[in-house]
Amino acid sequence: MIKKFEEIKKNTPELITFLKAIPKGADLHTHSLGASYSEFIYEDAIKNNDYYDLRTNIFLTQEEYNKSDKSREIVTIEDFKNNHSEKMFNAYSMRGWDGIHNGAKHFFNTFLCALSSKRTENQMILEMVKRSINQNVKHLEIISECIPEDLENLFINSLKDFKFDLKNAETYCKILDTLDTEENYLKVKEFLDESENFLKENGILDFSVRYIPFLCRTSSSLKDFFVEAYLLMLYCIKDYRIVGVNIVEPEDDIFSRENFENHLEIIRFVYRYLSDKYLNSSKKINLTLHAGELNLTRSPLEDMNDRICSTIFLTRNKHEQKFPATKRIGHGVSIPWEDNADELLKFMSTNKIPVEICLSSNDIILGIKGEEHPFSLYQKYNVPMIICTDDEAVSRSNITLEYLKAVKNYNLTYEELKNLSRNGLEYSFLEGEGLFIDKNYNDIREEFKNTVSLHDWKQKFIDYRELILKNEKLKKQIELEISFILFEQKY
Ligand SMILES: [Zn+2]
């Protein structure tokens, strides 16, 4: 297999076929809004809307049109379909980017366009799941909205009479506690049940999807950010389908820059408050945060000095940087610019803090690819990495292409490739115990030692049925190992 892989690597189309079929543990960093291809957005937009604004590339319903300036630049959906759809495809993904001007701006604008289509979150997730199954991905953790809007508003309104001051954080939490009721949780549960049922109704019966709701760096005021931090972390503890909390929007935006420390402090405060409140809960708050998605054209050195380090510890104060709170880092591109990068990389390696690697996205938004990307640096220090898509539709990519870029750019061996795939499940937030001891793939847990053939695994499934069914992570990891055996038999 090792030799064969080296041969296959020489032929890119053959390598694509190989990488499309190879079992992949998971995609742990994928935004639903960025994963929906404009071809499908187009189909739904035609069904849901009556007009299209050529100036802004935004779809409008009849009601929205009535409230608009009714410019001649707003065309009927029929006119749009016949004469202007190309414009939309260019605006809704990086396909229309000229490769010269502000790629990041084009990138972030696509989301506003996609939102106007009224394509639902469930439809986007269904599209992602189908595409993942097609490429042999076992598990998805989707960065998406998974709290009903009216509940979010209810929480936000509870602090509406306060002028925000972090000194009063405790008071705010006490007020928010009054909304931590069974009745409100049921609203979240029903919302998630509905999403699950939607997948089932569409033929997705055995695929694990988990949700990672997100905080907004730029579009939320600090007060709303605080409330949302409470809301998302609370339901991360309460519902097994919400596995973590993330933070999105550009790190280099002026508001984000100014409030970097405030955001960290809010996350840290709420994280500690709710962790203490639910000390005995078996479900914990998992944080996976975008950090270091920066380069010198977007950010001065002063900002990049400690972005990743501070995000891991949720504080800029060096004296308090003892216990890492953040379990995964998204992107981590600016790592070479960190103060004491060597120390930080060793820390990440020892403490197994992985980086969600998004190669296409980093290329498009930051212009960082190939040798300039810190992939090899992380590899050198043995920092775990997970290959992820970030916004596959906007980048016109998919998980196979991301693996392809990793294999080709960093000349991966078959074993390295396989371990990257395993990382997807090992560092997932799936519930229960895992298959490996101390995240070491050469050290399998006692019950499954010396399990080699398909027949052996079948027997283990019978012998340890209860244990396997109780631990979703273990179950998925065993499925992945079995898939590797089946895959390798073909080569
Ligand atoms: Zn992202």
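Which residues in α12 meet which residues in α14? I asked this before anything else, keeping in mind that the model is predicted.

**Entry: the helix pair**

From α12, I listed Leu222, Phe225, Phe226, Ala229, Tyr230, Met233, Leu234 and Ile237. Facing them in α14 are Asn262, His263, Ile266, Ile267, Val270, Tyr271 and Leu274. I sorted the residues of this contact by kind and got 13 nonpolar, two polar and no charged. Next I looked up the geometry: the axes of α12 (residues 222-238) and α14 (residues 260-277) come within 9 Å and cross at roughly 35°. The crossing of α12 past α14 is right-handed.

**Entry: isoleucine 285**

I then moved to isoleucine 285, which sits in the loop between α14 and β9. Is isoleucine 285 buried or exposed? I found 23 other C-beta atoms within 10 Å of isoleucine 285, so it is buried. Setting aside neighbours within four places in sequence, I noted its contacts: Met233, Cys236, Ile237, Val245, Tyr271, Leu274 and Ser275.

I traced an open sheet of four strands in the order β9-β10-β11-β12, with parallel pairing. At its edges are β9 and β12 (385-387), each of which pairs on one side only. The twist from one strand to the next averages 30°.

How many bridges join β9 to β10? I counted four, with β10 spanning residues 328-331. Leucine 289 stands opposite isoleucine 329 in β10. Further along the sheet, β11 (residues 355-357) pairs with β12 over three bridges, again in the parallel sense. There I found glutamate 356 opposite isoleucine 386.

**Entry: the other sheet**

I looked up a second open sheet, made of three strands in the order β1-β5-β6 with parallel pairing. Its edge strands are β1 (27-31) and β6 (208-212), and each pairs on one side only. Neighbouring strands here are turned against each other by 30° on average, direction ignored. Between β5 (residues 139-143) and β6 I found five bridges. Glutamate 141 has arginine 210 in β6 as its bridge partner.

Which residues of α17 are buried? In this helix (residues 341-350), I found Leu344, Leu345 and Met348. Looking down the axis of α17, I saw that these buried residues fall within an arc of 100°, so they line one face of the helix. The face turned away from the buried side of α17 carries exposed Asp342, Glu343 and Thr350. What the buried residues of α17 pack against is α16 (307-313).

Within α16 I picked out serine 310. Serine 310 is buried, because 20 other C-beta atoms lie within 10 Å and 20 or more is the cut-off for that label. Leaving out neighbours within four places in sequence, serine 310 is in contact with Leu264, Thr315 and Arg316. I also looked at glutamate 320, which is 10 residues from serine 310 in sequence and 10.0 Å from it in space, C-alpha to C-alpha.

**Entry: positive phi angles**

Last, I went through some backbone angles. Asparagine 136 is not a glycine, yet it has a positive phi of about 65°. I located asparagine 136 in the loop between α8 (121-134) and β5, and with 18 C-beta neighbours inside 10 Å it counts as partly exposed. Lysine 439 also has a positive phi, near 60°, and it lies in the loop between β13 (436-437) and β14 (440-444). With 14 other C-beta atoms within 10 Å, lysine 439 is partly exposed.

Note on methods:
Residues are numbered from 1 along each chain as its sequence is written. This is a predicted model: local features need pLDDT of at least 70, side-chain atom pairs count only at pLDDT 80 or more; totals for chains, interfaces and linings use all residues. Two strands pair if DSSP finds at least two bridges between them. Helices (H or I, at least four residues) and strands (E, at least two) are DSSP runs, numbered from the N terminus. Axes are lines fitted to C-alpha atoms, for helices over the stretch in contact, and angles run from 0 to 180 degrees between N-to-C directions. A crossing is left-handed if the near helix is turned anticlockwise from the far one by less than a right angle, and right-handed if clockwise. Two residues are in contact if their C-beta atoms, placed from the backbone, lie within 7 Å. Ala, Val, Leu, Ile, Met, Phe, Trp, Tyr, Cys and Pro count as nonpolar, Asp, Glu, Lys and Arg as charged, and the others, Gly among them, as polar. A residue is buried if 20 or more other C-beta atoms lie within 10 Å of its own, exposed if 12 or fewer, and partly exposed in between; C-beta atoms are placed from the backbone. The arc is that of the directions from the helix axis to the C-beta atoms.
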